[in-house]
Amino acid sequence: MSSSTVTSVVTEIVLPGKVEPDGLELRTRALPTPAGGQVVLRMDATGVSFAEQQMRRGKYYDQPPFPFVPGYDVVGTVTAVGPEVDAALTGRRFAAVTKTGAWASHLLLDAGDLTPVPDEVDASAAETVVVNGVTAWQMLHRVAGVRAGGTVVVLGANGGVGSTLVQLARHAGITVIGTASERHHAAVRALGATPVDHRDPDMYGRIRELAPDGVDAVFDHVGGAGVEQSWQLLRRGGTLVSYGSAATKDEEGSSQLPVLKLFGRIAAWNSLPNGRSAHFYNFWAGKRRCRASWQRRLGEDLSQVLRLVARGALTPQIAATFPLADAAAALTLAESRTVAGKIILVPGS
């Protein structure tokens, strides 16, 4: 039985089509009673990621058809449970990855998709490290496997994933060179990385001066023509981890073409006999093949990251906080690329 027979009214932000941020729509609707295995999660914090910026342009790799509710991840409190779900979940706080749908006051989620949030970590802090933290953790530890004493390059070290990557690497005893615009250099330095100006025409030359023997890994979300130079930074045995194509975000045409070009380039590099390797990190890889193992890995890695936050070893970088109703302003700020960290949406008023 559901722990509540009251039908919730959901307030949600709808992306109606290819629109500017101010074209987002605020709507309300009734939330159905949770079915077997489901819970109602009241949103305590969600966020703005690069994915939503691409989705409003119709450029995200596998986004749903318009209209839909964006929102890649969420932290919230269970307010009702459906059949076959432990009623003890009610009143407890969890994080979940949704891909879409989190820009809403309440969500219907599968109980199996929930990861507990430690009591000492507040909702906004936890929200900054759900997708960003899992992405950074998996790229550093599961894909690149960089060990203590190594050196890595993090492009966009002031961003949501980048700032988390820097901290996780430093915590693991790894030296970090981080690119960012000059106004973010103090913040990048405070995280423990050596900053390099990403607007410097000789950015890659500056990195080579700092690491003349090459680096153990480069984490590149930019893609485009520069990814070739990221590859050239690697020492023998080094790893390039590509996880996006931000350089092509404003280009017209197929959203899949830049990624497919990147796949081709990565395959070619991996065929070379020089001991270096290249990977394209996809957060959702393996989910269709084996959802249970994908979900278990996600839960394990997110729990590790949340424990680091609880211990103070990882400091969430919150750029700004907006009420859900001001999602358009939040998205506009995110797209301005003037802030460091993650922009958070809370229920608000």
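## Glu 300 and its partner

Glu 300 is partly exposed, at 40% relative accessibility. In this predicted model, the residue forms a salt bridge with Arg 142, and the closest N and O atoms are 3.5 Å apart. The pair links distant parts of the chain, with Arg 142 in helix H3 (residues 131–144) and Glu 300 in helix H9, 158 residues apart. Arg 142 also counts as partly exposed, with a relative accessibility of 41%.

## Other salt bridges

Side chains of opposite charge can pair when their charged atoms come close. The structure holds 14 salt bridges. One of them joins the side chains of Asp 73 and Lys 342, at 3.4 Å from N to O. Asp 73 belongs to strand S4 and Lys 342 to strand S15 (residues 342–346), so this pair ties together parts that are 269 residues apart in sequence. Asp 73 is buried at 1% relative accessibility, and Lys 342 is buried at 4%.

Arg 56 and Glu 20 meet through their side chains in another salt bridge, at 3.8 Å from N to O. Here Arg 56 lies in the loop between helix H1 (50–55) and strand S4 (73–81), while Glu 20 lies in the loop between strand S1 (8–14) and strand S2 (25–31), so the pair ties together parts that are 36 residues apart in sequence. Arg 56 is buried, its relative accessible area being 8%. A network of salt bridges links Glu 20, Arg 56, Arg 57 and Glu 335.

## Aromatic pairs

The count of aromatic pairs comes to seven. In one of these, the ring centres of Phe 66 and Phe 68 are 5.6 Å apart and the planes lie at 15 degrees, so the pair is stacked. Phe 66 is partly exposed at 29% relative accessibility, whereas Phe 68 is buried at 8%.

Trp 284 and Trp 294 are also stacked, because their ring centres are 5.2 Å apart and their planes are at 15 degrees. This pair links distant parts of the chain: Trp 284 sits in the loop between strand S13 (277–280) and helix H9 (291–311), and Trp 294 in helix H9, ten residues apart. Both are buried, Trp 284 with a relative accessible area of 14% and Trp 294 with 4%. If you are looking at the ring of Trp 284, note that the charged end of Lys 99 sits over it, 4.6 Å from the ring centre.

## Cores and packing

The largest nonpolar core has 85 residues, and Trp 103, Val 152, Phe 219 and Phe 283 touch the most other members. A second, separate core has 19 residues, including Met 203, Val 218, Trp 231 and Leu 262.

Met 203 is one of the buried residues of helix H6 (residues 203–210), along with Tyr 204, Gly 205 and Ile 207. These buried residues pack against strands S8 (151–154), S9 (175–180), S10 (194–197) and S11 (215–220), as well as helix H7 (227–232).

In helix H2 (residues 123–128) you will find Ser 124, which is buried with a relative accessible area of 16%. Beyond its neighbours within four places in sequence, Ser 124 contacts Ala 45, Ile 318, Ile 344 and Val 346.

## Confidence

The protein has an average pLDDT of 92, and 94% of the residues score at least 70. Over residues 1–6, pLDDT stays under 50, and the model has 13 contacts beyond four places in sequence for this stretch.

Terms used: Residues numbered from 1 in each chain as written. Predicted model: local features only at pLDDT ≥ 70, side-chain atom pairs only at ≥ 80, totals over all residues. Heavy atoms only, no water. Helix = DSSP H or I, 4+ residues; strand = E, 2+ residues; numbered from the N terminus. Buried < 20%, exposed > 50% of the residue type's maximum accessible area, 1.4 Å probe, protein only. Contact = heavy atoms within 4.5 Å. Phe/Tyr/Trp six-rings, centres within 6.5 Å; stacked < 30°, edge-to-face > 60°. Lys NZ or Arg CZ within 6 Å of the ring centre and 35° of its normal. Core = buried A, V, L, I, M, F, W, Y, C linked by side-chain atoms within 4.5 Å. pLDDT = per-residue confidence, 0-100. Salt bridge = Lys/Arg side-chain N within 4 Å of Asp/Glu carboxyl O.
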